[in-house]
Amino acid sequence: MESFLRCRDLPSLCRVSDTTDKAFQMIPQVANHSRRARAIILNTFEDLEGPIVNRLTEFCPNIYTIGPLHAHLNDKLSNSLYDVDRSCLTWLNSQPPKSVIYVSFGSVARMTKPELIEFWYGLVNSKHRFLWAMRPDMLVGIEDGDNSILAELKEATRERGFMVGYAPQEQVLAHTAVGGFLTHSGWNSTLESIVSGVPMICWPSFADQQINSRFVSQVWNLGLDMKDVSDRKVVERMVNDLMVKRREEFVKSTAEMARLAKMSVNEGGSSYSNLKRLIEDIRVVGASENTT
């Protein structure tokens, strides 16, 4: 990994100037505790992160890779923390195949008003249709209840865009009209995009998102990394690269990874087998503890 990871690709907790920082100190503490674990359960699959998981077995031999977790559920449950606006699905039904870029920065990440304006202009200037899930609390420095900026953008977006507060993300990504995903690179969103075979433009904010975005672009070739940039021209260029110029390249790579992800959770797949093994091992441990 030393050959392609830069300092700005490391998790935000690692990029500190003061090594006595409490958050930074927590990392080796957690890592050392992991060595003492009986097992480690990971929401990933072997075809995606096999080499890294193999390195982890040096510290903890018993690792269960059981992801993508949401793919086991077969749409029986929702991962959303909020009430979603399904009107966007009706709008998507009226759009041509693979013509829409879906924009969502997750349930926690926030942005400033200048960043919002740059993204909005970049999307509009790209001339591509877009669906933007914009949380009411997403803007930094905007008081609760002040939705004037969002309302203004929503009105100006009607020509080729659609905006909602919260979208049913798994259904949106699986929709035939969606051809790209502008994301914060949270792990759940990354896995959902992978399973749906949708290429990504990554704009990470914190924690593991920086390294996720680097892997998306440089290791898995599933999209583009736009970290640390909020410039309308860059947004416009990357949207066009994803949706037009490099579309065939990304369609091929995302389709193959989606196939591998789905295969992993099907009967006989690596994650399916690991989940089955995990359940059985928990039963064995429970039974042994009940007899002592």
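Student: So, Asp 137: what does it count as in terms of accessibility?

Tutor: Asp 137 counts as partly exposed, because its relative accessibility is 34%. The cut-offs are under 20% relative accessible area for buried, over 50% for exposed, and partly exposed in between, with a 1.4 Å probe and protein chains only. Before we go on, this is a predicted model, where local features need pLDDT of at least 70 and side-chain atom pairs count only at pLDDT 80 or more, while totals for chains, interfaces and linings use all residues. Residues are numbered from 1 along each chain as its sequence is written, and side-chain values use heavy atoms, with hydrogens and water left out.

Student: Which residue does Asp 137 meet in a salt bridge?

Tutor: Arg 135, at 2.8 Å from N to O. A salt bridge here is a side-chain nitrogen of Lys or Arg within 4 Å of a carboxyl oxygen of Asp or Glu. Arg 135 is at 2% relative accessibility, so it counts as buried.

Student: How many salt bridges does that rule count?

Tutor: The count comes to 13. One of them links Lys 227 and Asp 9, with the closest N and O atoms 2.8 Å apart. Lys 227 sits in the loop between β8 (223-225) and α10 (232-245) and Asp 9 in the segment before α1 (22-35), so this pair ties together parts 218 residues apart in sequence. Helices (H or I, at least four residues) and strands (E, at least two) are DSSP runs, numbered from the N terminus.

Student: Are Lys 227 and Asp 9 buried or exposed?

Tutor: Both are buried.

Student: What about Asp 241, which residue does it form a salt bridge with?

Tutor: With Arg 237, the closest N and O atoms being 4.0 Å apart. Both lie in helix α10, 4 residues apart, which is about one turn of the helix. Asp 241 is buried, with a relative accessible area of 14%, whereas Arg 237 is partly exposed at 43%. Elsewhere, salt bridges that share partners join Arg 6, Asp 9, Arg 214, Asp 225 and Lys 227 into one network.

Student: Asp 9 again! How far apart are the closest N and O atoms of Asp 9 and Arg 214?

Tutor: They are 3.2 Å apart.

Student: OK, zooming out. What domains does the assignment give?

Tutor: Domain 1 is 7-72 + 267-290, and domain 2 is 86-262. Those bounds come from an automatic or database domain assignment. The C-alpha centres of the two domains lie 28 Å apart.

Student: And how many residues are in contact between them?

Tutor: 16 residues of domain 1 are in contact with 20 residues of domain 2, where contact means heavy atoms within 4.5 Å. The area buried between the domains is about 1,600 Å², and carbon and sulfur atoms give 62% of it. Buried area is the accessible area (1.4 Å probe) that two parts lose on being put together, summed over both.

Student: Which residues of domain 1 lose the most area to domain 2?

Tutor: Asp 9, Leu 48 and His 70, together 37% of what that side buries.

Student: How many salt bridges does the rule find across the interface?

Tutor: The rule finds 3 salt bridges between domain 1 and domain 2. There are also 6 residue pairs in polar contact across the interface, both residues at pLDDT 80 or more. A polar contact is a pair of N or O atoms within 3.5 Å; within protein, one must be able to donate a hydrogen and the other to accept it, and residues adjacent in sequence count only if both atoms are side-chain atoms.

Student: Which helix gives the most to the domain 1 side?

Tutor: That's α2, with 4 residues.

Student: New topic: where is Thr 44 found?

Tutor: In the loop between β1 (40-42) and α2. Thr 44 is buried, with a relative accessible area of 2%. Its side chain is joined to that of Glu 49 by a polar contact of 2.7 Å. The residues Thr 44 touches, leaving out those up to four places away in sequence, include Val 53, Trp 187 and Ser 271.

Student: Last one, Trp 203. Where does it lie?

Tutor: Trp 203 is in the loop between β7 (200-202) and α9 (209-219). At 9% relative accessibility, Trp 203 counts as buried. A polar atom of the Trp 203 side chain lies 2.7 Å from the backbone oxygen of Val 229.
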